[in-house]
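Hi,

Here is the structure I promised to pass on, with my notes below it. Could you have a look when you get a moment?

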Protein chains: 2
Amino acid sequence: MPDDDSAAGMRLSDEQRLDWLRLIRSENVGPRTFRMLINHCGGARAALEALPELARRGGATTPARVCSREDAERELERAQRLGIAVIALGEPEYPARLRMIDDAPPLIGVRGTLSALARPMVALVGARNASAVGVKFAGLLAREIGEAGYVIVSGLARGVDAAAHQASAATGSIAVLAGGHDQVYPAEHAPLLEQLLEHGAALTEMPLGWEPRGRDFPRRNRLISGLSLGVVIVEAARRSGSLITARMALEQGREVFAVPGSPLDPRAEGTNGLIKQGATVVTEAADVIGALQPILGRPPEIPAEEPEPGPAPQREPASDERQRIVALLGPTPVGIDDLVRLSRSSPAIVRTVLLELELAGRLERHGGGIVSLV
Amino acid sequence: MPDDDSAAGMRLSDEQRLDWLRLIRSENVGPRTFRMLINHCGGARAALEALPELARRGGATTPARVCSREDAERELERAQRLGIAVIALGEPEYPARLRMIDDAPPLIGVRGTLSALARPMVALVGARNASAVGVKFAGLLAREIGEAGYVIVSGLARGVDAAAHQASAATGSIAVLAGGHDQVYPAEHAPLLEQLLEHGAALTEMPLGWEPRGRDFPRRNRLISGLSLGVVIVEAARRSGSLITARMALEQGREVFAVPGSPLDPRAEGTNGLIKQGATVVTEAADVIGALQPILGRPPEIPAEEPEPGPAPQREPASDERQRIVALLGPTPVGIDDLVRLSRSSPAIVRTVLLELELAGRLERHGGGIVSLV
């Protein structure tokens, strides 16, 4: 059961794919900056050429590191050898729900059964130090939701994640990695990951060889929720990674489901808290399947803003204008709207200056149009 | 902190109290029938006189057993000796919330600290075979809700109930009994009950000497919820007595709170189910205290229909009219509205015939204006 009918999409040429890869692998370029650069410069090739000058204007003290053509070629070759498909946002194989999130990765590397990406997905995540009961229940849920036709998405972590993957290996399971395909974490789950590939897949936005660090996991979590119609949290302590996934799911407009637990069990603090905030209570698979049934038929609601070549802006910011905008910024987060108002510059000029600062590694974006200097 | 300002109420004369007691202790007279009889006949004394004839017309095969003056006097004397106050609906000591339920007992027997009846109450009930964690959490909740100024109401059962009473003995706890004051169940909790009397009370609508049977417990549960602003269910299996209390609380417009638990723990099935149906999730006492705070100031919303002397109906049903109404009844429950429509009798006449049948022990009322023949 394919999730929507957007199968007819664009297809990158080999040359374009190389440019896209170089751009997203360049210093200080993330998914949002990637999209802004493409819009600002009119395409990936032009963005690659403009990048060093933009970063210099933003105040970069050393020249911006742009990913070389050779490095990108080497990554694509290695990916091909390892059976990894490198799929661009907008291509027909790119998962339909994932392309709707506003920081969708421009490129994903997928190993395994590509057709699984076209099926509807449910994320199932939870505590690494899950209780025996939590692990058992995660398995029960994953099996039944899997048998109902959904691919189970999770993070390959110990505890709940592993149980969810294991129980849905036969029906389809996608592990989203925080590092490169050759840097499976935890290493002991490499055999489990191989088992998933026959009916499911491994997916990451990170380059081969990338060893995941702490901050890569929350970043990865947005893909777990972004791929899915809904996220089920099985056990989660307060301030746990699973709650980050739940928050991202809410921001992305995904359904959030939580399994209740005893108030005296710290592993239930997070899920009980989610239920208090309005998450759907899950005590059996039917709670999830029933709630998603009505959504299933609907195509994703927010149309993707395609990073298509657009017109370059009329003019570059004048240097005093840039100084005025930078002077309004500091470590305290401020709204871009306020910057426009206070600087008396046009929104396009403010956006360009922020892009320059970002490429220079000097800007932090907090979401919701809020920025600060690093 | 008194719950409302209805302290100024009527006071029965000794003679009236005796009549009320005789009437409620007579055969086939429950709280609802009591109220109907008073309204129908114009007072308790007149109702006692009319009762045998009404039951006969309703088809009673043996003469209706009316409680004798001597039996009622003996009960009041024994109650006095045991320090039990016999309080009538409408009297100032009668708990304000309890008088608002539509089957409020006309008389309650209270032993202990009468002033506790004037304080705001929270019911805390749950499984008899509660887990260690459930018992511990019930105690925690009862202590903190008690310290916040609420009297804790429960049913003196093993498990959650006992833990709730124990933890609130020092701040005020009311045990509602399913039998007479001299028939404490379970007997092993008699010492616990004595502990409660210093700051709280034991309360029942049943006569002295009454040994509680199975069906007396659900009947008792309506008083637990009826006394309280809200009911907290700590652990409850499917189809348990605690769920009956929760259902009654909903029917009475009380808040329902439930403590979540693992879906794999059968003792959490009932509470998780309540949460799915909209009960407020409780993981700490503040969840209860915070939710009740806004209600506390408000007087009970539904004004009590006082069983005051009213005019007797214009005429008795003619015998063919009675036959026509009885013919429309059977073991299948039917609405009183439908009876009025189909019999082409007046609502007053239909109500009178139903009262006769009830006194003859031939009618069952299902609530919501639905009745059937026994």
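For what follows, contact means heavy atoms within 4.5 Å of each other. Please also keep in mind that this is a predicted model.

Let me begin with the interface. On that definition, 18 residues of chain A touch 18 residues of chain B. The size of an interface is often given as the accessible area lost when the parts come together. Here chains A and B bury about 1400 Å² between them, and 77% of that is on carbon and sulfur atoms. On the chain A side, the residues that lose the most area to chain B are A:Pro263, A:Leu264 and A:Lys276, which together account for 42% of what that side buries.

A:Lys276 comes up again in the charged pairs. Two salt bridges cross the interface of chain A and chain B. A salt bridge joins the side chains of A:Lys276 and B:Asp287, at 2.6 Å from N to O. As for polar contacts, four residue pairs between chain A and chain B count, both partners being at pLDDT 80 or more.

Which helices of chain A each supply at least two residues of the side that touches chain B? They are helix 5 (132-147) and helix 10 (269-276). Helix 5 of chain A gives the most to that side, with four residues. By class, the side of chain A that touches chain B has ten nonpolar, four polar and four charged residues.

Next, some helix packing inside chain B. Helix 1 (residues 14-24) and helix 4 (residues 69-81) of chain B pack with their axes 9 Å apart, at an angle of about 110 degrees. Helix 1 of chain B is therefore roughly perpendicular to helix 4 of chain B, since angles of 65 to 115 degrees count as such. From helix 1 of chain B, the residues B:Glu15, B:Arg17, B:Leu18, B:Leu21 and B:Arg22 meet B:Arg69, B:Ala72, B:Glu73, B:Glu75 and B:Leu76 of helix 4. That contact between helix 1 and helix 4 of chain B has six charged residues, four nonpolar and no polar ones.

Back to salt bridges: over all chains, the structure holds 56 of them. One to look at is A:Asp103 with A:Arg32, where the closest N and O atoms are 4.0 Å apart. This pair links distant parts of the chain, 71 residues apart: A:Asp103 is in the loop between strand 1 (84-88) and strand 2 (107-112) of chain A, while A:Arg32 is in helix 2 (residues 31-41) of chain A.

Finally, a few backbone points. Most residues other than glycine have a negative phi, and most peptide bonds are trans. In chain A, a cis peptide bond joins A:Tyr185 and A:Pro186, with omega about -5 degrees. A:Pro186 sits in the loop between strand 5 (173-176) and helix 7 (190-196) of chain A. In chain B, the peptide bond from B:Tyr185 to B:Pro186 is cis too, with omega near -10 degrees, and B:Pro186 is in the loop between strand 5 (173-176) and helix 7 (190-196) of chain B. A:Leu156 is not a glycine, yet its phi is positive, at about 65 degrees. You will find A:Leu156 in the loop between strand 4 (151-154) and helix 6 (160-168) of chain A.

Cheers

Key
Residues numbered from 1 in each chain as written. Chains lettered and ligands numbered in written order. Predicted model: local features only at pLDDT ≥ 70, side-chain atom pairs only at ≥ 80, totals over all residues. Heavy atoms only, no water. Buried area = accessible area lost by both parts, 1.4 Å probe. Polar contact = N/O pair within 3.5 Å; in protein donor to acceptor, adjacent residues only side chain to side chain. Nonpolar A, V, L, I, M, F, W, Y, C, P; charged D, E, K, R; others polar. Axes fitted to C-alpha atoms, helices over the stretch in contact; angles between N-to-C directions. Parallel < 35°, antiparallel > 145°, perpendicular 65-115°, else oblique.
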